[in-house]
Amino acid sequence: MTTSVKKQSYQRKSALIAGTSLIIMALAAFFSYGFVHESLVVQGDASATFNNIQSSNLLFKAEIFGWIIILITDIVVAWAFYIFLKPINKSVSLLSAWLRLTYAFVLGIAILNLIFVLHLSESTDYLSLFKIDQLQAHMMLLLEAFEYIWSIGLIIFGVHLIIVGYLAFKSDRIPKVISILLLFASIGYIVINLFISIFSQYDGVISILKIVFNVPMIVGELSFGIWLLFRGGKVLKDA
């Protein structure tokens, strides 16, 4: 087996790993955040949120498990993206990988808040120390901390995505429409989460930004994952 064939085989393996991980991540995110979190957490209503989590404790545990899957797949994708994009520009690809690992670290800190929420909802010891409304407020504070820390992480993720989009655009094999979607999605992640983190009082602006960037933010990396799964690393072989 020649060196070029070995390299292409390695590229194909990294593309398969990245593509599979991205699809698993998307499904886990849809379940954990899109379904469970949105169902259990009632913004501005600590009592309803507390009761939802207590009555659906197993479902909340499943959400946390989903977030852990997302965390693991993010780490895997950081490595796989580096391997796949390294031939385009090694140093820039390495920077992209470190940014994604940094995002994964921040996400891990955010997930800890959900674990603390789970502990509060299960333990009866706190009922003798706090009034029920104090306990509910504490739980809501932890859930808000999760959202805030995750938003900070998503700004870093957006910068990572800019680099991935740039490398994809530089490639003569990755479709340009995917690189444009990645770049557009990266702007969405950065701008929306900057507003959430710093200018949270502008709810109307945040809502408009979400409407504008929602599709590319969902489709951008997911379309890249599907392309990696079915086409990544195979172009030279087909040529």
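**Salt bridges and their surroundings**

Modeller: Arg173 and Asp172 form a salt bridge, with their closest N and O atoms 3.9 Å apart; the term denotes a side-chain nitrogen of Lys or Arg within 4 Å of a carboxyl oxygen of Asp or Glu. The model is predicted, so local features need pLDDT of at least 70 and side-chain atom pairs count only at pLDDT 80 or more, while totals for chains, interfaces and linings use all residues. Residues are numbered from 1 along each chain as its sequence is written, and side-chain values use heavy atoms, with hydrogens and water left out.

Asp172 is exposed, at 66% relative accessible area, and Arg173 is partly exposed, at 39%. (Buried means under 20% relative accessible area, exposed over 50%, and partly exposed in between, with a 1.4 Å probe and protein chains only.)

The structure holds three salt bridges. Asp74 and Arg100 meet in one of them, at 2.7 Å from N to O. Asp74 belongs to helix α3 (residues 57-85) and Arg100 to helix α4, so this pair ties together parts that lie 26 residues apart in sequence. (Helices are DSSP runs of H or I with at least four residues, strands are runs of E with at least two, and both are numbered from the N terminus.)

Arg100 also forms a salt bridge with Glu221, where the closest N and O atoms are 2.4 Å apart. Because Arg100 lies in helix α4 and Glu221 in helix α7, this pair ties together parts 121 residues apart in sequence.

Arg100 is buried at 0%, and Glu221 is buried at 10%.

Helix α7 (residues 203-230) also contains Leu222, which is partly exposed at 31% relative accessible area. Helix α4 (residues 90-122) includes Ala110, which is buried with a relative accessible area of 0%. Not counting residues up to four places away in sequence, Ala110 touches Phe146, Ile149 and Trp150; contact means heavy atoms within 4.5 Å.

As for the setting, the protein has eight helices and zero strands. Buried residues make up 44% of its 239 residues, and its C-alpha trace spans about 70 × 40 × 25 Å along the principal axes.
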